[in-house]
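Look at the sequence and the fold below before reading on. The paragraphs that follow take the parts in turn, beginning with a pair of helices.

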Amino acid sequence: MKDKLNTGIKNVRSVSRYTFGLDSIDSLPKLINDQRIKKNTKVIFFLDIYFKKNKNINKLIGYRAGDEVIFVPTKNEPSTDYIDELIKFLSNKDLKSPSAIIGMGGGITLDVAKSVSNLLTNKGKAENYQGWDLLKKPGIYKIGIPTISGTGAEATRTCVMINPRTGVKLGMNSDFTVYDQLILDPNLTKTVPRNQFFYTGMDAYIHCVESLNGTYRNEIGDSYSNQTIELCRKVFTSKDMMSIENRSKLMVASYLGGCAIATSYVGVVHPFSAGLSVVLGIHHCLANCISMRAMKEFYPEGYEDFWRMVKMQNIDIPKGICKNLNQEQYQKLYESTIIHEKPLTNALGESFKDILTRAKVIELFKGM
Ligand code: NAD
Ligand code: ZN
């Protein structure tokens with residue numbers, strides 16, 4: 001393990017404010033109003049497509065005539081082109097300077113709201129800001145409201161987008177990407193389908209297993225990670241994983257897991273998961289769970305723990321999806337996994353390519 005006291009932690013920016021608790025969503029209209037008073041312009045709401053069928057949604061969010069509500073599709077993870085299209089749409093409607101942007105939904109919607117907030121004040125295209133600390137100006141004031149728990153997107157300084165031309169899946173990593181305000185209301189996650197609840201919830205657990213088994217460690221990251229794992233275990237070993245108490249615990253685990261990411265690194269699971277997302281289009285959280293099939297030798301304890309919880313909750317995780325692919329696909333899987341040098345070094349050391357040879361990586365994919 002590298003020197004744990006020499007943390008390498010930069011000047012970490014956290015979410016400025018949050019409310020947490022049942023019905024905390026009721027505070028949204030007032031929070032928005034405070035922004036309307038400061039800047040007398042409209043508000044843009046990005047809502048997960050799931051809420052389109054909710055007839056009372058306008059009342060719940062404090063919508064006013066002239067505000068813009070955009071339902072975010074969740075079939076595909078966001079692309080840089082999609083963000084550019086949204087900016088064009090908002091510019092044509094003269095909505096380039098709203099008083100607030102609201103993101104309410106899963107990781108996809110939370111990330112879309114973050115990206116648009118950044119791009120409305122920083123000129124150019126979304127792809128220009130994929131990377132680290134490339135944004136020049138703060139974005140529009142933004143409120144994040146997660147409606148499914150696990151990715152930690154509500155707490156992090158990134159917003160993941162796929163560039164369809166380069167295949168690069170990378171966010172705008174910047175202090176400006178962090179939400180100004182969160183509303184953490186466990187009532188909102190009640191309707192999440194069981195399998196999806198597990199896949200997304202496990203993103204928090206998996207991040208933290210990877211971090212705690214890595215070499216780049218420090219006490220802050222470890223503390224967040226340990227607490228996140230403990231909460232996830234309580235939820236996923238419980239009889240009713242979606243009880244209100246458990247939804248509340250998982251919402252906290254997600255937030256803390258997001259804080260853990262800011263001060264630590266992932267390991268072997270996320271690079272493999274990224275391979276599945278890039279080559280086969282599998283969504284991030286499900287791809288993590290599928291990748292866990294190949295993780296016995298890297299994370300023996302986490303592996304046992306994870307599959308025990310899958311069994312207890314009777315969750316479906318697809319099997320054998322990489323068995324009969326063509327050579328080109330295997331090559332792409334290898335390349336899009338091994339490209340993640342930082343997490344793989346964190347997990348396996350600088351000579352990780354000696355362990356994860358091309359043949360080995362393909363064998364692991366075939367075993368999923
Ligand atoms: P998601 O946004 O992919 O949504 C999953 C599904 O749940 C969708 O069908 C959605 O419509 C539905 N849903 C959401 N809330 C619901 C509710 N209350 N009731 C019923 N259905 C609901 O969810 P996710 O797994 O949270 O997010 C994955 C995304 O997060 C990926 O795009 C990934 O790249 C991103 N991510 C971002 C970060 C970050 O730090 N920014 C970290 C990890 C992952
Ligand atoms: Zn993740």
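Helix H8 (residues 269-280) packs against helix H9 (residues 284-291) at an angle of about 120°, and their axes lie 8 Å apart. Helices (H or I, at least four residues) and strands (E, at least two) are DSSP runs, numbered from the N terminus. Axes are lines fitted to C-alpha atoms, for helices over the stretch in contact, and angles run from 0 to 180 degrees between N-to-C directions. H8 and H9 are therefore oblique to each other; angles under 35 degrees count as roughly parallel, over 145 as roughly antiparallel, 65 to 115 as roughly perpendicular and the rest as oblique. H8 passes H9 in a right-handed crossing; a crossing is right-handed if the near helix is turned clockwise from the far one by less than a right angle, and left-handed if anticlockwise. On the H8 side the contact (heavy atoms within 4.5 Å) includes Phe-272 and Leu-276, and on the H9 side it includes Ala-287 and Ile-290.

This is a predicted model, in which local features need pLDDT of at least 70 and side-chain atom pairs count only at pLDDT 80 or more, while totals for chains, interfaces and linings use all residues. Residues are numbered from 1 along each chain as its sequence is written, chains are lettered from A and ligands numbered from 1 in the order in which they are written, and side-chain values use heavy atoms, with hydrogens and water left out.

H5 (residues 194-212) and helix H10 (residues 300-313) pack at an angle of about 165°, with 12 Å between their axes. H5 and H10 are therefore roughly antiparallel to each other, and H5 passes H10 in a right-handed crossing. Among the residues that make this contact are Phe-198, Met-202 and Tyr-205 of H5, together with Phe-306 and Met-309 of H10.

Next come the strands. Strands of a sheet pair through backbone hydrogen bonds, either parallel or antiparallel. Six strands form an open sheet in the order S1-S9-S6-S4-S2-S3, with parallel pairing. Here two strands pair if DSSP finds at least two bridges between them. At the edges are strand S1 (17-20) and strand S3 (68-72), each of which pairs on one side only. Neighbouring strands of this sheet are turned by 15° against each other on average, direction ignored.

Which strand is joined to S2 by five bridges? S4 is the partner, and S2 and S4 run parallel. Phe-45 stands opposite Ile-102 in S4. S4 also pairs with S6 in the parallel sense, over five bridges, and Met-104 stands opposite Ile-145 in S6. Strand S6 (residues 142-146) is in turn joined by two bridges to strand S9 (residues 181-184), running parallel; Ile-143 stands opposite Gln-181 in S9.

In a regular strand the side chains alternate between the two faces of the sheet. Both faces of S4 are covered: Ala-100, Ile-102 and Met-104 are buried on one side, and Ile-101, Gly-103 and Gly-105 on the other. Buried means under 20% relative accessible area, exposed over 50%, and partly exposed in between (1.4 Å probe, protein chains only).

Helices also lie against this sheet. Helix H1 (residues 28-38) lies across strand S2 (43-48), strand S4 (100-105), S6 and S9, and runs at about 165° to S6. Helix H3 (residues 80-92) packs on the sheet as well, touching S2 and S3, and its direction makes about 165° with that of S3.

A nonpolar core is a set of buried Ala, Val, Leu, Ile, Met, Phe, Trp, Tyr and Cys residues joined through side-chain atoms within 4.5 Å. The largest one has 95 residues, of which Phe-46, Val-116, Phe-198, Phe-236 and Phe-306 touch the most other members. Helix H5 gives the most to this core, with ten residues. Another core lies apart from it and has 17 residues, including Val-43, Leu-47, Ile-143 and Ile-183.

An open sheet of three strands has the order S5-S8-S7, with mixed pairing. Strand S5 (131-132) and strand S7 (160-162) stand at the edges with a single partner strand each, so one side of each has no neighbour in the sheet. S5 and strand S8 (residues 169-173) run parallel and are joined by two bridges. Gly-131 has Met-172 as its bridge partner in S8.

Most residues other than glycine have a negative phi, and most peptide bonds are trans. Asp-23 has a positive phi, near 65°, and is found in the loop between S1 and H1.
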